[in-house]
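Q: I would like a close look at one part of this model, with the aromatic rings as the topic.

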Amino acid sequence: MEIVICPDAVEAGKLGAAAIVALLKRKPDAVLGLATGSSPLHIYDELAARYEAGEVSFAQAKGFSLDEYVGLPADHPETYHNVIRKDFVHRVDFDDSAVRGPDGLAADIPAFCASYEAAIAEAGGVDLQILGIGTVGHIGFNEPGSSLASRTRIKTLTKQTRVDNARFFDNDVSKVPTHCITQGLGTIMAARHIVLVASGTNKAEAVHQLAEGAVSAMWPGTVLQHHPHVTVLLDEAAASRLQLTGYYRETYASKPDWQGL
Ligand code: F6R
């Protein structure tokens, strides 16, 4: 796991975007795993800017969202289907139909989840997965207690996650759905490169556990310690509880350019 401590979240976003631009240069039809929420917004802003500058195209790429709320009407502005389009997909030349996400209105949820796993596999698997991390340590919506081997399935959101996300629902926690469909930890672990981005002191404990805690279902992101290629992009606040900051800074500062992220 490579930890990169950036001066601020904008710089972290630029590094994440650069990794995606480099991937699409080598592989224009790459498969991207897409996160929603606040954390990846600087990545998406930078990708939109680099697309406008003619530096990158998503025309041949595919995308798979991590998760979706269960039960929100299709035209609700906070479905992750709609959010990822507003925040990213419609700002670049992504083909709308090439970006899929879990169907929170599926009549047969287990059958849908199996078909989502099959669609990711059929696309050749995820080349680069963008992740945020919840204050409770979730990745995707794999809440504490999630099986480290889990695949796409329905989950119950914790009260804390619903409180954290109430800001998108008029600050009214009762409007936040109670259930979601999320890629599992096993699904996320199958991605070839994982770029996790976090900012702010409210993420500092989850980031400390992610990188330096014991691997445990209590902090689901810790499963990434078993992945061979994870890049963690942090601002100073999110890095503030880490124990080995000196080492992480030194390692990144002396990294040869050819290595990339
Ligand atoms: C979103 C997702 C979640 C968020 C996490 C952090 O698709 O899967 O794991 O990444 O809840 O949310 P923000 O970035 O809004 O702090």
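Does Tyr69 count as buried or exposed, and at what relative accessibility? Please go on from there to the ring pairs and to the chain around them.

A: Tyr69 has a relative accessibility of 2%, so Tyr69 counts as buried; buried means under 20% relative accessible area, exposed over 50%, and partly exposed in between, with a 1.4 Å probe and protein chains only. This is a predicted model, in which local features need pLDDT of at least 70 and side-chain atom pairs count only at pLDDT 80 or more, while totals for chains, interfaces and linings use all residues. Residues are numbered from 1 along each chain as its sequence is written, and side-chain values use heavy atoms, with hydrogens and water left out.

A search of the whole structure finds 11 aromatic pairs. Rings of Phe, Tyr and Trp (its six-membered ring) pair if their centres lie within 6.5 Å; planes under 30 degrees apart count as stacked, over 60 as edge-to-face and the rest as tilted. Tyr69 pairs with Phe169: the ring centres are 5.6 Å apart and the planes stand at 85°, so this pair is edge-to-face. Tyr69 belongs to strand E4 (residues 67-69) and Phe169 to the loop between helix H5 (159-165) and strand E8 (179-182), so the pair ties together parts 100 residues apart in sequence. Helices (H or I, at least four residues) and strands (E, at least two) are DSSP runs, numbered from the N terminus. Phe169, at 3% relative accessibility, also counts as buried.

Another pair is formed by Tyr80 and Phe141, whose ring centres are 5.9 Å apart with planes at 25°, so it is stacked. This pair too links distant parts of the chain, 61 residues apart: Tyr80 is in helix H3 (residues 80-87), and Phe141 is in the loop between strand E6 (128-131) and strand E7 (153-156). Tyr80 and Phe141 are both buried. Elsewhere, Tyr44, Phe58, Phe88 and Phe94 are linked into a cluster by ring pairs.

The protein chain has eight helices and 10 strands. Along its principal axes the C-alpha trace spans about 55 × 40 × 35 Å.
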